[in-house]
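Here's a quick tour of one chain, looking at how its parts are held together. Have the sequence and the 3D view open as you read.

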Amino acid sequence: QVQLVESGGGLVQAGGSLRLSCAASGSFLSIGDMGWYRQGPGKQRELVATVTSGGSAHFADSAKGRFTISRDNAKNTMYLQMNSLKPEDTAVYYCNARIRRTAWTGYNDYWGQGTQVTVSS
């Protein structure tokens, strides 16, 4: 089984910071691209940022200049450092990873259960 577990969400005032973590566990061969998505109240899930296994990052316009994404391949863990948070960043944040379980299978998408981030004004 493969599990992605997010942590680090919470309540913060506007202008504050939070650091989210996503740890992959279980039996697998390798992890490809990883990413953070979010779903605000009454909204569709949207991309926040992605990072390749080599560390190349891509950000949604809403995250550029405020969020940083990184990963520690040795720990199978990805991070999202969120600074200058705004009330509109309030959402459930989900971790996504492309994981290859065996040498005979391709990469498949896995999702975490989500962690709530609430930014008060």
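## Links across the chain

Cys 22 and Cys 95 form a disulfide, with their sulfur atoms 1.8 Å apart; the cut-off for calling a disulfide is a pair of cysteine sulfur atoms within 2.5 Å. That rule gives a count of 1 disulfide. The bond joins distant parts of the chain, with Cys 22 in strand E3 (residues 18-26) and Cys 95 in strand E9 (residues 91-100), 73 residues apart. Strands here are DSSP runs of at least two residues, numbered from the N terminus. The torsion about the S-S bond of Cys 22 and Cys 95 is about -60°, so this disulfide is left-handed. Cys 22 is buried at 0% relative accessibility, and Cys 95 is buried with a relative accessible area of 0%. (Buried means under 20% relative accessible area, exposed over 50%, and partly exposed in between, using a 1.4 Å probe and protein chains only.)

Before going on, a word on the source: this is a predicted model, where local features need pLDDT of at least 70 and side-chain atom pairs count only at pLDDT 80 or more, while totals for chains, interfaces and linings use all residues. Residues are numbered from 1 along each chain as its sequence is written, and side-chain values use heavy atoms, leaving out hydrogens and water.

Now for the charges. The structure holds 5 salt bridges, each being a side-chain nitrogen of Lys or Arg within 4 Å of a carboxyl oxygen of Asp or Glu. Among them are these:

| Pair | N to O distance |
|---|---|
| Arg 38 and Asp 89 | 2.9 Å |
| Arg 66 and Asp 89 | 2.7 Å |
| Arg 98 and Asp 109 | 3.4 Å |

Arg 38, Glu 46, Arg 66 and Asp 89 are linked in a network of salt bridges. By contrast, Asp 109 is partly exposed at 42%, and Arg 98 is partly exposed at 34%.

Finally, the sheet. Four strands make an open sheet in the order E1-E3-E8-E7, with antiparallel pairing; strands pair if DSSP finds at least two bridges between them. E1 and strand E7 (67-72) stand at the edges with a single partner strand each, so one side of each has no neighbour in the sheet. E1 and E3 pair over 6 bridges, and Val 5 has Ala 23 in E3 as its bridge partner.
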